[in-house]
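Colleague: I have a structure to go through with you. Could we take it piece by piece?
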Amino acid sequence: MKKLAIIIKPGMFEKVKNVLTEAGIHGLNYREIRGFGRQRGHKEVYRGTIMQVDCLPKIQVDVVVHDEALEKILDLVVTAVRTGQVGDGKIFVTDIQDAVRIRTGERGDAAL
Amino acid sequence: MNGADTGYIIICAAMVMVMTPALALFYGGLVRSRNVLSTTMHSYACLGLITVLWALVGYTLAFGDDVGGIIGNFAYIFLRGVEGTAAPAAEQLPHTVFMGFQCMFAVLTVALVSGAYAERIRFSAMLLFSGLWLIFVYAPMAHWVWGGGWMAKLGAVDFAGGAVVHMASGAAALACAKALGPRLSLEEGIVPNNLPLTLLGGGLLWFGWFGFNAGSALAAGALAGQALMTTHLATACGILGWMLVEWKRTGKPTTLGVVSGALAGLVAITPAAGFVGLLSAMVIGFAGGIFCYGGVLLKSKFGYDDALDVVGIHGVGGTWGALATGLFAVASVNEVNGLFFGNPYQLWAQFVSVAGTWIFVFVASRVLLYIVDAAVGLRVTPDAEFTGLDLSEHNERGYTL
C-alpha cells in the first residue's frame, strides 16, 4: 500500500476527487493547508503598503491506494490538475505498513 | 422655529448618528480578527459615554455664551433652559434639535480618534481618555469655530467640521500613536480581517455625510443643496484621485483604496462644503484623494503606528480642506471669498486656524494621555495584545466559524 499526499491549488479539489473516485478509490480525506514551493507567495497591497505573503492556501488530499494502482492513479491526478505553471503542486508517495478497518477488523489491502 | 427646517435637521441628526456605527464597521474590518469587536466597541462606547457627557456639560462648554473667545459658559449646564425654546445659534430650530445634531458630531469625532490606538489600548483607558478629550479638547474646539470663539472672530470658516472634527481627530490620533507606541506584532504584517465590512462601513459613512455636510446649513434651503452636491462630487473625485496614484505606484487599484479615496474626498470637502462652487469641489476632492494617499504613507516614514490612518486621512484631508476653503470660497455661494476670488486674507485666517488646531489639540491630547497613563495605564499587557483585545478586554470572540 502507498499513501499519496497530493498538494494542489484550492480550486482543483473537485477534479482530484472525481478522478480518484473514477479510479475506484473508496475513501479519502483532505485538509486546508498553507505553504510555499518554488512559486513562493504573492504581493498584497493595503493603503499603499506592499506586503509579501509567502504562504499560500493549498489543499492536501490524503489517500491510500493498492501498490498496483499507484502509477495509474498518479497519471490520472497529474493529467487532471496540471496547468503547466509553477504552483500546480506536488504529490508525495510513502509506504504504508498496515491498515485496519475498525468495523470488521480486516487488515492490510482488504481494509482499504 | 420652522417646521421644514426642524424636520430636515432631525433627519440629518439621525444620519450623522449612523456614521458612528458605520465607522465601527469601517474600522472593524481593517484590524485583525482578534480585535474586531474591541475596535467596534470603541465606537459604540462613544455613542454611550460621549452622548451623556455632551448633554451634561459638553454642549454648554461649546455653545454657551462666549467667555473671552476661549470657552462657553455654564448657561446650559445639565441642559438647563434647552427644552421648549428656539436655538440661539439657529432660531429656525428647536434648541433640543440643534443640541442633538451637534451631539452626533461630538460622538463621531471622539470615535474617529480610536483608529489610532486600535489593537492595543486598555478599554478603561480608552473610556477615560475619550471623556476627558470631549470636555477639554472637543468642546473648546467646537466653541472656537462654531460657538463664537477666537477662530470665528478671526474670520476662519469651517462649514461642517474640517478643523473641529477632522483635523482635531487627526492631531489627537498622532498624539495617541506616539503616546502608545507601535503594536507589538507589526512584523507579522497587518492584513485586514474583513474588507467587505470596511466597504459597507465606508458606503454608510458616505450616506451619513450628506446629513453631516448638507445638514450643517442648519436649514432646508439652497445652501443645503449646494453642500449636498459639493459633498457628492468631491467624494467621487476623491475615489478617482486615490485610484490614479495607487494604480501608478503599486500597479493595481484596490477596493480599500477606492473606499479610502471616497473618505479622503469627504473629509477634504467638509470645511468647504457650503462655501465653494461645484467645480471647485471636484478639484478639492480629487486633490484630497491624492494628498491623503501620500498622508497614509507618512507613518512608515516617521515611524508612528497610527493603526487605521486617522492622521493620514482625517489629519491631512482636514488640513487640505481648511486651506482649500481659503482658496476656493466664493461669496456667490455663501458670503466669503477666498484667495482665488480676490481675498488673500481668507487663506491667512484658514492657515491660522489650521496651525492653532494642530498645536492645541496635539499638546492637549498628549497631556491627557499622560494623565490617563498615570491613572489606569494606556496599554494592555503584551500577552493580552497577542491574545487580542476581544478576549482580553471583553471576554468575547468576533468569529466562531
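This is a predicted model: local features need pLDDT of at least 70, side-chain atom pairs count only at pLDDT 80 or more; totals for chains, interfaces and linings use all residues.

Colleague: Where in chain B is B:M1 found?

Modeller: B:M1 belongs to the segment before α1 (3-30) of chain B.

Colleague: And which residues is B:M1 in contact with, leaving aside its neighbours within four places in sequence?

Modeller: Those residues are B:T6, B:A86, B:Q92, B:L93 and B:P94.

Colleague: Let us turn to the two chains. How many residues of chain B are in contact with chain A?

Modeller: There are 15 residues of chain B in contact with 8 residues of chain A. On the chain B side, α8 (222-250), α9 (255-269) and α10 (278-302) each supply at least two residues.

Colleague: Which element gives the largest share of that side of chain B?

Modeller: That is α10(B), with 4 residues. By class, the side of chain B that touches chain A has 6 nonpolar, 6 polar and 3 charged residues.

Colleague: You mentioned α9. How does α9(B) pack with α11(B), and at what angle?

Modeller: The axes of α9(B) and helix α11 (residues 310-328) of chain B are 7 Å apart, and the helices pack at an angle of about 40°. That angle makes α9(B) oblique to α11(B). Their crossing is right-handed.

Colleague: Which residues make the contact?

Modeller: From α9(B) they are B:S260, B:L263, B:A264, B:V267, B:A268 and B:I269. From α11(B) they are B:I313, B:H314, B:G317, B:G318, B:W320, B:G321 and B:A324. The contact of α9(B) with α11(B) has 8 nonpolar and 5 polar residues, and no charged ones.

Colleague: Now chain A. In what order do the strands of its open sheet run?

Modeller: The order of the 4 strands is β2-β5-β1-β6 in chain A, with antiparallel pairing. β2 (29-35) and β6 (90-95) of chain A stand at the edges with a single partner strand each, so one side of each has no neighbour in the sheet. From one strand to the next, the twist averages 25°.

Colleague: How many bridges join β1 to β5 in chain A?

Modeller: There are 7 bridges between strand β1 (residues 2-8) and strand β5 (residues 56-65) of chain A, and these strands run antiparallel. Within this pair, A:I7 stands opposite A:Q60 in β5(A).

Colleague: Which helix packs on the sheet?

Modeller: Helix α2 (residues 70-81) of chain A does, touching β1, β5 and β6 of chain A. The direction of α2(A) makes about 5° with that of β1(A).

Colleague: What about α1(A) and α2(A): at what angle do their axes cross?

Modeller: The axes of helix α1 (residues 13-22) of chain A and α2(A) cross at roughly 150° and come within 9 Å. An angle over 145 degrees counts as roughly antiparallel, and α1(A) and α2(A) are therefore roughly antiparallel to each other. The crossing of these two helices, α1(A) and α2(A), is right-handed.

Colleague: And which residues meet there?

Modeller: A:K15, A:V16, A:V19 and A:L20 in α1(A) meet A:I73, A:L76, A:V77, A:A80 and A:V81 in α2(A). By class, this contact has 8 nonpolar residues, 1 charged residue and no polar ones.

Notes: Residues are numbered from 1 along each chain as its sequence is written. Chains are lettered from A and ligands numbered from 1 in the order in which they are written. Two residues are in contact if their C-beta atoms, placed from the backbone, lie within 7 Å. Ala, Val, Leu, Ile, Met, Phe, Trp, Tyr, Cys and Pro count as nonpolar, Asp, Glu, Lys and Arg as charged, and the others, Gly among them, as polar. Two strands pair if DSSP finds at least two bridges between them. Axes are lines fitted to C-alpha atoms, for helices over the stretch in contact, and angles run from 0 to 180 degrees between N-to-C directions. Angles under 35 degrees count as roughly parallel, over 145 as roughly antiparallel, 65 to 115 as roughly perpendicular and the rest as oblique. A crossing is left-handed if the near helix is turned anticlockwise from the far one by less than a right angle, and right-handed if clockwise.
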